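Biologist: I would like to go through this model with you slowly, asking at each step what stands behind the words that are used.

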Amino acid sequence: MRTNTHTIVSRHTTSEGVVVWTRCGCGRLQMALIPYGARGKALAAGGHDRQCPRCGR
Ligand SMILES: [Zn+2]
């Protein structure tokens, strides 16, 4: 769960899955929800695009 441009800031479990906060290289925070049973597949909050809307990475 790490890319060249995104660093995991924190993660915690909820009733729906694991919420992971990542910080882009440009400094923007982004939340992703990883549902239980869907390993490796994260749902970005507010849309499908996991790319940063600020810098596009
Ligand atoms: Zn960015």
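Biologist: In which strand is the place of Met31?

Modeller: Met31 has its place in strand β3, where strands are DSSP runs of E with at least two residues, helices are runs of H or I with at least four residues, and both are numbered from the N terminus. Please keep in mind that this is a predicted model, in which local features need pLDDT of at least 70, side-chain atom pairs count only at pLDDT 80 or more, and totals for chains, interfaces and linings use all residues. Residues are numbered from 1 along each chain as its sequence is written, and side-chain values use heavy atoms, with hydrogens and water left out.

Biologist: How many helices and strands does the protein chain have?

Modeller: The protein chain has 0 helices and 4 strands, and read from the N terminus on, its elements run β-β-β-β.

Biologist: Why is Met31 called partly exposed?

Modeller: Buried means under 20% relative accessible area, exposed means over 50%, and partly exposed is what lies in between, with a 1.4 Å probe and protein chains only. Met31 has a relative accessible area of 27%, so it is partly exposed.

Biologist: Why is Val19 called buried?

Modeller: Val19, which lies in strand β2, has a relative accessible area of 8%, and is therefore counted as buried.

Biologist: Which residues is Val19 in contact with, leaving aside its neighbours within four places in sequence?

Modeller: Contact means heavy atoms within 4.5 Å, and with those neighbours left aside, Val19 has such contacts with Ser10, Arg11, His12, Thr14, Met31, Ala32 and Leu33.

Biologist: Why does Thr22 count as buried?

Modeller: Thr22, also placed in strand β2, has 7% relative accessibility and therefore counts as buried. Apart from neighbours within four places in sequence, Thr22 is in contact with His6, Thr7, Ile8, Val9, Arg28, Leu29 and Gln30.

Biologist: Why does Arg23 count as partly exposed?

Modeller: Arg23 belongs to strand β2 as well, but at 38% relative accessibility it counts as partly exposed. Its partners, not counting residues up to four places away in sequence, are Thr5, His6, Thr7, Val9, Arg28 and Leu29, and the C-alpha atoms of Arg23 and His6, 17 residues apart along the chain, are separated by 5.4 Å.

Biologist: What makes Val9, Trp21 and Leu29 a nonpolar patch?

Modeller: A patch is made of residues with over 30% relative accessible area and no salt bridge, where nonpolar side chains (Val, Leu, Ile, Met, Phe, Trp, Tyr) are joined within 5 Å and like charges within 9 Å. A salt bridge is a side-chain nitrogen of Lys or Arg within 4 Å of a carboxyl oxygen of Asp or Glu. Trp21, found in strand β2 (residues 17–24), is partly exposed with a relative accessible area of 31%. Together, Val9, Trp21 and Leu29 have about 250 Å² of accessible area, a value that comes from the Shrake-Rupley method with a 1.4 Å probe, where for residues only the protein chains shown count as cover.

Biologist: Which atoms coordinate the zinc ion?

Modeller: The zinc ion is coordinated by the SG atoms of Cys24, Cys26, Cys52 and Cys55, at 2.3 to 2.4 Å. Donors are N, O and S atoms within 2.8 Å of the metal (3.2 Å for Na, K and Ca), and water is not among the atoms, so sites may look incomplete.

Biologist: Is Cys52 buried or exposed?

Modeller: Cys52 has a relative accessible area of 3% and is therefore buried, whereas Cys26, with 28%, is partly exposed.
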